[in-house]
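Subject: The structure we talked about

Hi there,

Here is the structure I promised to pass on to you. Have a look at it first, and then read on for what I found.

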Amino acid sequence: MRNILVFAVMVFVAFACRNEARQLPVTKVNWEARNAAANIPDSLETGSTYLSVYSQIYSGSQERLVDLTATISIRNPNTTETLFINTIDYYNTKGDRIRSYLSYPVFILPMETVEIIIQHNDNEGGTGANIIFDWGKAATAADPVFEAVMISTYGQIGLSFVTQGIPLD
């Protein structure tokens, strides 16, 4: 009986100590469900924010590139005010617009975070990719917060870093 108990504990510990990442489905943002074109107040203050994003970085030399996954976070730090995002344009290292995420304004609810994922194998942006956000808010509301978290893992090595948006106004 004691041997069975020891074996059961060993199996439990072995499974509990596994260090594997769970594969969860990535849910794309449903921009259509956030369409705010008909509901935008006339009295909004507007602004633009620049966010640097790296879909690749150099490693060791200019000839070796490492692909990264980027999580772009659009955060509404207000507890009562909705924010509105009018455009999200993604540019590559050369400054060419390669993607527009919106064709109409969308809303971000109070304290909500909306995320855009740039997949690990999407290196179209290159080493100097960036995003420009145009947004609107009530006069008393705090500005939106834009951040990017870039990450890559190879075997036992991992790297990650964060960039924060800067106002263009």
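In what order do the elements of the protein chain run from the N terminus on? The order is α-β-β-β-β-β-β-β-β-β-β-β-β. In other words, the protein chain has one helix and twelve strands. Please keep in mind that this is a predicted model.

**How confident is the prediction?**

The mean pLDDT of the protein chain is 85, and 84% of its residues reach 70 or more. One stretch to treat with care is residues 5-9, where the pLDDT is below 50. Beyond near neighbours in sequence, that stretch makes zero contacts in the model.

**The chain as a whole**

Of the 169 residues in the protein chain, 36% are buried. The accessible surface comes to about 10800 Å², and carbon and sulfur atoms account for 53% of it. Now take the contacts in the protein chain with a separation of 6 or more: 76% of them are between residues 24 or more positions apart.

Is Ile118 buried or exposed? Its relative accessible area is 1%, so Ile118 is buried. Leaving aside neighbours within four places in sequence, the residues in contact with Ile118 are Val53, Leu68, Thr69, Ala70, Ile72, Tyr90 and Tyr101. Met150 is 32 residues from Ile118 in sequence, yet their C-alpha atoms are 9.3 Å apart in space.

**Strand β9 and its partners**

Next, find β9 (residues 130-137), a mostly covered strand in which seven of the eight residues are buried. β9 runs antiparallel to β1 (residues 45-52), and eight bridges join the two. Here Gly47 stands opposite Trp135 in β9. β9 is also joined to β5 by seven bridges, again in an antiparallel arrangement. In that pairing, Thr87 is the residue opposite Asp134 in β9.

On β5 (residues 83-91) you will find Ile85, which counts as buried because its relative accessibility is 1%. Among the contacts of Ile85, leaving aside neighbours within four places in sequence, are Asp134, Trp135 and Phe146. The C-alpha atoms of Ile85 and Ala36 are separated by 9.0 Å, although the two residues are 49 apart along the chain.

**Two aromatic pairs**

The count of aromatic pairs comes to two. Tyr54 and Phe161 make an edge-to-face pair, with 5.5 Å from centre to centre and 65° between the planes. Tyr54 lies in the loop between β1 and β2 (56-59) and Phe161 in strand β11, so this pair ties together parts that are 107 residues apart in sequence. Both are partly exposed: Tyr54 has a relative accessibility of 27%, and Phe161 has 25%.

Why does the pair of Phe133 and Phe146 count as stacked? Their planes are at 20°, and stacked means under 30 degrees. The ring centres of Phe133 and Phe146 are 4.0 Å apart. This pair links distant parts of the chain, with Phe133 in strand β9 and Phe146 in strand β10 (residues 145-154), 13 residues apart. Phe133 is buried at a relative accessible area of 0%, and Phe146 is buried too, at 3% relative accessibility.

Most residues other than glycine have a negative phi. Met111 has a positive value, with phi near 65°. Where does Met111 lie? Its place is in the loop between β7 (106-108) and β8. Met111 is exposed, with a relative accessible area of 53%.

Happy exploring, and do write back with any questions!

Best wishes

Key. Residues are numbered from 1 along each chain as its sequence is written. This is a predicted model: local features need pLDDT of at least 70, side-chain atom pairs count only at pLDDT 80 or more; totals for chains, interfaces and linings use all residues. Side-chain values use heavy atoms; hydrogens and water are left out. Helices (H or I, at least four residues) and strands (E, at least two) are DSSP runs, numbered from the N terminus. Buried means under 20% relative accessible area, exposed over 50%, partly exposed in between (1.4 Å probe, protein chains only). Contact means heavy atoms within 4.5 Å. Accessible areas come from the Shrake-Rupley method with a 1.4 Å probe; for residues, only the protein chains shown count as cover. Two strands pair if DSSP finds at least two bridges between them. pLDDT is the predictor's confidence in each residue, from 0 to 100. Rings of Phe, Tyr and Trp (its six-membered ring) pair if their centres lie within 6.5 Å; planes under 30 degrees apart count as stacked, over 60 as edge-to-face and the rest as tilted.
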